[in-house]
Amino acid sequence: MERDNQTWEGEFILLGLSSDWDTQVSLFVLLLAMYLVTVLGNFLIVLLIRLDGRLHTPMYFFLTNLSLVDVSYATSIVPQLLVHFLAEHKGIPFLSCAAQLFFSLALGGIEFVLLAVMAYDRYVAVCDPLRYSVIMHGGLCTRLAIASWVSGSINSLMQTTITFQLPMCTNKYIDHISCEILAVVRLACVDTSSNEVAIVVSSIVLLMTPFFLVLLSYIQIISTILKIRSTQGRRKAFHTCASHLTVVTLCYGTTIFTYTQPHSSPSVLQEKLISLFYATMIPMLNPMIYSLRNKEVKGAWQKLLGQFSGLTSKLARR
């Protein structure tokens, strides 16, 4: 028992995606580039919203929160993954593993709730535009954002606590790219039925419930859009929601596939690839989606670049 406890309190070994050196170097270069683009893209979105007064609206307040969540989620997983690509020993200390699980799970939960909040914001904007500023006032937006962060964090704290109370015996090899909850639970040398039930309940509360709220919001939004007589009016209403709907499809689609079926035993490689997609592609794509598909953001970019160009010209004349 003493030996088992020493193993448990020491470190885990992350098996990662591949043991081939050339593959690991290629993945390192690719994921490093994607991570830098993610950090830069989300930072620029937050900066742009901060600098442009036209973007000081509820929608962009929530988008700021989403960008912070995205870059934080990527940071909780990708730097560790990059280090392991170039390291011969791919160990992660017990406390670091627990911290990684907590932050990644918390930030994932926060994002799902936040996307539901953003769907409600779009619902009010399309279905009750005359009262939008009255309903989505600053106090409500702040409370909704705080509720998103608190609910995700509390859920993660509970999940992380019950997961790391499981006896792991001498198992220390995590067949995953990070300390992901399903991968850690599989290390247990006891029956994990109660943990799997907790994961399903958590999925229902912080994944399926927000998903159905998003679904209901968009049913109402689509119903309202179809009642608009002018083609231009329908197009404008649709573009109001297009960016958010694209992000919702990416985020909920990949996660629902992974976490609502802990008993179905999908392939380990499939789980790794889905986790990698969620940690790298989605945080990188979100600012691009909101920039390319949003006229207000594109207008703000043009204005900012114009001001920067004008300032550069003045400095050049001097």
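Which residues does Ser67 touch, not counting residues up to four places away in sequence? Keep that question in mind as we tour this predicted model, one close-up at a time.

Figure 1. Welcome to a predicted model of a protein chain with eleven helices and three strands. If you read along the sequence, the pattern is α-β-α-α-β-α-α-α-β-α-α-α-α-α. The chain has 318 residues, and 46% of them count as buried. Now take the contacts between residues at least 6 apart in sequence: 80% of these join residues at least 24 apart.

**Figure 2. Ser67 sits in helix H3.** Here is the answer to our opening question: Ser67 touches Asn42, Ile45 and Val46, leaving out residues up to four places away in sequence. Is Ser67 buried or exposed? Ser67 counts as buried because its relative accessible area is 4%, under the 20% cut-off. Follow the chain onward for 219 residues and you reach Asn286, yet the C-alpha atoms of Ser67 and Asn286 are separated by 7.8 Å.

**Figure 3. Ile49 belongs to helix H2, which covers residues 21-51.** With a relative accessible area of 8%, Ile49 is buried. Its contacts, leaving aside neighbours within four places in sequence, are Leu55, His56, Tyr60, Leu63 and Thr64. Look for Ala300 too: Ile49 and Ala300 are 251 residues apart in sequence, but from C-alpha to C-alpha they are 8.4 Å apart in space.

**Figure 4. Thr23, also a residue of helix H2, is shown together with His84 of helix H3.** Thr23 counts as partly exposed, at 33% relative accessibility. Between Thr23 and Phe85 there are 8.9 Å in space, C-alpha to C-alpha, and the two are 62 residues apart in sequence. How does His84 compare with the 20% cut-off for buried residues? The relative accessible area of His84 is 7%, so His84 is buried. Not counting residues up to four places away in sequence, His84 touches Leu14, Gln24, Lys90 and Gly91.

**Figure 5. Met136 is a member of the largest nonpolar core.** This core holds 47 residues, and Leu66, Leu115, Met136 and Tyr252 touch the most other members. Which helix gives the core its largest share? That is helix H4 (residues 94-127), with eleven residues. Zoom in on Met136 and, leaving aside neighbours within four places in sequence, you will find contacts with Pro58, Phe62, Tyr120, Asp121, Val124, Cys141 and Leu144. A second, separate core has 21 residues, including Phe94, Leu105, Ile181 and Ala188.

**Figure 6. Helices H6 and H8 pack against each other.** Helix H6 runs over residues 138-163 and helix H8 over residues 193-227. Their axes lie 11 Å apart, at an angle of about 175°. On the H6 side, the contact is made by Ser151, Gly152, Asn155, Gln159, Ile162 and Thr163, and on the H8 side by Asn195, Ala198, Ile199, Ser202 and Leu206. Sorted by class, the contact has four nonpolar, seven polar and no charged residues.

**Figure 7. Two serines share helix H10, Ser275 and Ser291.** Helix H10 covers residues 268-292. Ser275 is buried, with a relative accessible area of 14%, and Ser291 also counts as buried, at 13% relative accessibility. Which residues does Ser275 touch, not counting residues up to four places away in sequence? They are His176, Ile177 and Glu180. For Ser291, look towards Ser243: the two are 48 residues apart in sequence and 8.7 Å apart in space, C-alpha to C-alpha.

**Figure 8. Segments from a database record are placed on the model.** An unreviewed UniProt entry carries the annotation "transmembrane region" for residues 25-49, 61-87, 99-120, 197-219, 240-261 and 273-292. Take residues 25-49 as one example: the span is 100% helix and 0% strand, and its end C-alpha atoms lie 36 Å apart. Residues 197-219 are likewise 100% helix and 0% strand, with 30 Å between the end C-alpha atoms.

How values were computed: Residues are numbered from 1 along each chain as its sequence is written. This is a predicted model: local features need pLDDT of at least 70, side-chain atom pairs count only at pLDDT 80 or more; totals for chains, interfaces and linings use all residues. Side-chain values use heavy atoms; hydrogens and water are left out. Helices (H or I, at least four residues) and strands (E, at least two) are DSSP runs, numbered from the N terminus. Buried means under 20% relative accessible area, exposed over 50%, partly exposed in between (1.4 Å probe, protein chains only). Contact means heavy atoms within 4.5 Å. Axes are lines fitted to C-alpha atoms, for helices over the stretch in contact, and angles run from 0 to 180 degrees between N-to-C directions. Ala, Val, Leu, Ile, Met, Phe, Trp, Tyr, Cys and Pro count as nonpolar, Asp, Glu, Lys and Arg as charged, and the others, Gly among them, as polar. A nonpolar core is a set of buried Ala, Val, Leu, Ile, Met, Phe, Trp, Tyr and Cys residues joined through side-chain atoms within 4.5 Å. UniProt positions are given in the numbering used here, feature names are shortened, and annotations may be inferred rather than shown by experiment.
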